[in-house]
Amino acid sequence: MINDPNYKRRFVISGIAIGVVLVYILRLFYLQIIDQSTKDQADNNALVKQTVYPSRGLIYDRNGELLVFNQPIYEISMTMRDMKDDWDTLAFCQSLSITRAEFDQRIAEIKDKRKNRGYSRWTPQVFMSQLKKEDIATLQESLFLFPGIQIQKRTLRDYTYKAAAHVLGSVGEVNQNDIDRDDYYARGDYSGRDGLERTYEKQLRGEKGMEVLMRDVKGRIQGSYQDGELDRIAIAGTDLYTTLDIQLQMLAEELLSGKIGSAVAIEPKTGEILAMVSNPSWNPKVLVGKERSKNYNMLLNDPTKPLMNRATQATYSPGSTFKTIQSLVCLEQGAITPNTLYPCSGPGSTPIKCTHHHGSPVALDRAIEQSCNPYFWCAFRDLLQKDGYGKENEDFRHRYELWREAVMSFGLGQRFADSDLNEQSSGSIPSTAFYDKFYGKTGWKAITIRSLSIGQGEILVTPLQLANQAATIANDGYYITPHLNKNDSMLTHRHQLDIKKRHFDAVKDGMHRVMVYGTGRHFAVDSLHMAGKTGTVQNPHGRDHAIFIGFAPVEDPQIAVAVVVENAGFGATWACPVASMMMEQYLTGEVKRKDLRNRIASTVLNESVKKW
């Protein structure tokens with residue numbers, strides 16, 4: 001038997017049979033246990049998994065005024081595998097008041113896997129979104145005629161006031177980069193695109209839910225699967241309470257109407273931003289709904305650049321407002337005392353002219369009051385030359401770096417990295433390396449950079465930085481990082497300057513004199529004891545910019561303000577009255593100077609500014 005050739009062949013045949021059986025068992029194990037695609041396909045025949053979208057968190061101002069809320073909208077999705085050959089495309093288009101060409105274009109976009117990487121015939125694909133109830137009324141009545149079509153309720157942003165567009169930001173459809181970056185998103189989802197909506201996106205968006213529905217053999221929805229045991233409830237987004245005072249915000253926007261510029265108000269003790277205005281602006285409603293894309297492109301192409309947040313992104317020379325910082329640094333570093341006297345010959349002064357005659361010599365308080373250019377040039381020169389120039393200019397360059405570090409400690413020349421403001425420019429306080437590049441290490445002296453002494457030249461700041469500068473002076477030498485979230489305590493984000501309090505007392509006295517005897521006196525409110533500093537900034541591209549910084553009341557500052565009005569001329573004429581009325585509104589609850597308010601608000605300084 002052992003020598004029988006058929007005996008060995010039997011073992012070979014048995015082995016082959018066992019092998020085939022094992023292959024089938026392993027294949028079934030893979031399909032049923034490891035590979036879920038077959039199960040998912042079967043489930044998709046019987047089940048529909050429908051996303052339940054959460055309500056987005058509401059946004060309030062500091063006093064509980066509702067700023068941003070939600071309104072219901074509708075979205076139409078389609079599952080391609082359920083749309084049979086006899087599907088009535090023409091009737092579907094008529095029910096939505098769209099053309100066949102529009103339908104075909106949208107279908108092509110859905111099926112284009114370069115644009116829609118998540119495309120599948122088995123899963124719902126967004127066909128149209130951001131529709132109002134009246135847009136889908138006809139379709140709802142005849143929905144049974146269109147297998148594969150689902151109508152889903154969602155929400156869209158709405159606004160109580162036509163204000164604070166730059167601060168609040170907007171919500172728009174996600175792109176592929178968003179989807180690749182965060183698996184929370186799928187095609188057709190929305191997210192914050194800018195402003196607070198973007199900064200606090202994860203807080204505001206909430207968590208999606210899921211509803212599992214069962215359908216019959218004809219694809220009709222029969223109700224919840226397993227009595228909703230597999231459903232997941234959507235969790236609404238968390239509400240956001242901002243630091244804004246919406247009444248102050250609207251006043252500032254009103255006063256800047258017809259002008260290009262910005263205004264920022266800060267509560268000094270907390271760093272809370274009370275108002276942040278950039279003009280031109282727009283009604284937040286124009287970037288909502290089906291018209292969002294068209295309106296966004298119009299804003300984008302507007303030559304006045306309304307999409308730019310000038311309060312945080314535009315940079316300017318600070319002009320005479322910088323003299324307050326110059327005073328403090330020169331006092332602290334021993335170049336001057338409050339009683340140091342410097343001569344002034346008015347417009348005949350050299351190498352820097354004064355704008356007017358005001359008596360001579362002058363001490364610090366009157367130099368700030370009268371905005372005396374020669375005084376601050378002399379103080380700056382004496383600071384930089386205090387130790388001489390030294391070998392290879394090293395002593396002079398060292399003094400300059402100490403000066404620069406002290407200036408930057410006010411928050412200038414850098415972004416507020418620990419703030420919730422995303423869109424910021426850093427500005428510039430030029431370094432020694434900057435001047436070395438142009439003049440060589442030994443080629444520049446104090447007179448070379450004399451324009452820095454009066455806030456011109458290469459110094460650039462943002463209006464936000466100017467407002468923070470005012471808050472720092474109001475606080476006698478510290479600031480809390482400017483921010484917009486009322487619930488996020490930033491008091492630990494305290495930045496202490498290395499400048500003695502008595503120096504701030506001297507500068508604040510000079511700023512108070514500006515509002516009593518100087519360039520700001522015409523717009524002061526005596527009962528509020530305001531302190532301020534005007535600036536008229538040279539502009540190589542046209543008329544001078546008007547700038548003002550200030551705070552009130554002097555004895556216990558509650559508000560610090562910075563205003564910039566581009567191409568407006570004197571800071572005392574345009575920026576000062578805007579800031580003065582903002583302080584009056586915040587501290588008293590109203591602006592009693594009605595004639596001034598109407599005059600400033602109704603004056604158009606730039607004809608190209610559009611109302612959006």
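**Exercise 1. How many residues of the lining of the largest pocket are nonpolar, polar and charged?**

Step 1: The lining divides into 10 nonpolar, 14 polar and 12 charged residues. Here Ala, Val, Leu, Ile, Met, Phe, Trp, Tyr, Cys and Pro count as nonpolar, Asp, Glu, Lys and Arg as charged, and the others, Gly among them, as polar.

A word on the model: it is predicted, with local features needing pLDDT of at least 70 and side-chain atom pairs pLDDT 80 or more, while totals for chains, interfaces and linings use all residues. Residues are numbered from 1 along each chain as its sequence is written, and side-chain values use heavy atoms, without hydrogens and water.

Step 2: Strand β1 gives the largest share of this lining, 5 residues (strands are DSSP E runs of at least two residues, helices H or I runs of at least four, numbered from the N terminus).

**Exercise 2. Is serine 262 buried or exposed?**

Step 1: Find serine 262 in strand β11, residues 261-267.

Step 2: Its relative accessibility is 0%, so serine 262 counts as buried (under 20% relative accessible area; exposed is over 50%, partly exposed in between, with a 1.4 Å probe and protein chains only).

Step 3: Beyond four places in sequence, its contacts (heavy atoms within 4.5 Å) include Arg310, Pro463 and Val563.
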